[in-house]
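Colleague: Could you help me look at one residue and its surroundings?
Modeller: Gladly; let us open the structure and go through it step by step.
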Amino acid sequence: SAVFVLGDPAYYGRFGFVSATARSIVPPLVIEYPEAWQCLELVPHALAGVTGTVRFETALGDPKYW
């Protein structure tokens, strides 16, 4: 019901992505550019009241991808 990306806000913002950190949803690893951590609700209000740290599948959580 929601998608998270780590990418250029200018690019992903065109598709409706907004800052996830502003919603108090933090990435699973420390990242150099927190503004690049973004989310998009695929279902309206899917992230309403959601806060905390996102968890990924083990393969996606590998620091080499961050």
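Colleague: Which residue stands opposite Q38 in β4?
Modeller: In this model, which is predicted rather than experimental, the residue standing opposite Q38 in β4 is S19. Q38 itself has its place in strand β4, which covers residues 37–41.
Colleague: And how do β2 and β4 pair, parallel or antiparallel?
Modeller: Strand β2, made of residues 18–19, pairs with β4 in the antiparallel sense, and 2 bridges join them. Strand β1, residues 2–6, also pairs with β4 in the antiparallel sense, over 5 bridges, and within that pairing V3 has L40 as its bridge partner.
Colleague: What's the order of the strands in the sheet, then?
Modeller: The order is β1-β4-β2, in an open sheet of 3 strands with antiparallel pairing. The edge strands are β1 and β2, since each of them pairs on one side only. As background, strands of a sheet pair through backbone hydrogen bonds, either parallel or antiparallel.
Colleague: Back to Q38: is it buried or exposed?
Modeller: Q38 is buried, because its relative accessible area is 2% and the cut-off for buried is under 20%. Strand β4 as a whole is mostly covered, with 4 of its 5 residues buried.
Colleague: What does Q38 touch?
Modeller: Leaving aside residues up to four places away in sequence, Q38 touches a list of residues including V3, F4, V5, Y12, F17, V18 and S19.
Colleague: Which backbone oxygen lies 3.1 Å from a polar atom of the Q38 side chain?
Modeller: That is the backbone oxygen of A36, which lies 3.1 Å from a polar atom of the side chain of Q38.

Notes. Residues numbered from 1 in each chain as written. Predicted model: local features only at pLDDT ≥ 70, side-chain atom pairs only at ≥ 80, totals over all residues. Heavy atoms only, no water. Buried < 20%, exposed > 50% of the residue type's maximum accessible area, 1.4 Å probe, protein only. Polar contact = N/O pair within 3.5 Å; in protein donor to acceptor, adjacent residues only side chain to side chain. Contact = heavy atoms within 4.5 Å. Pairing = 2+ DSSP bridges.
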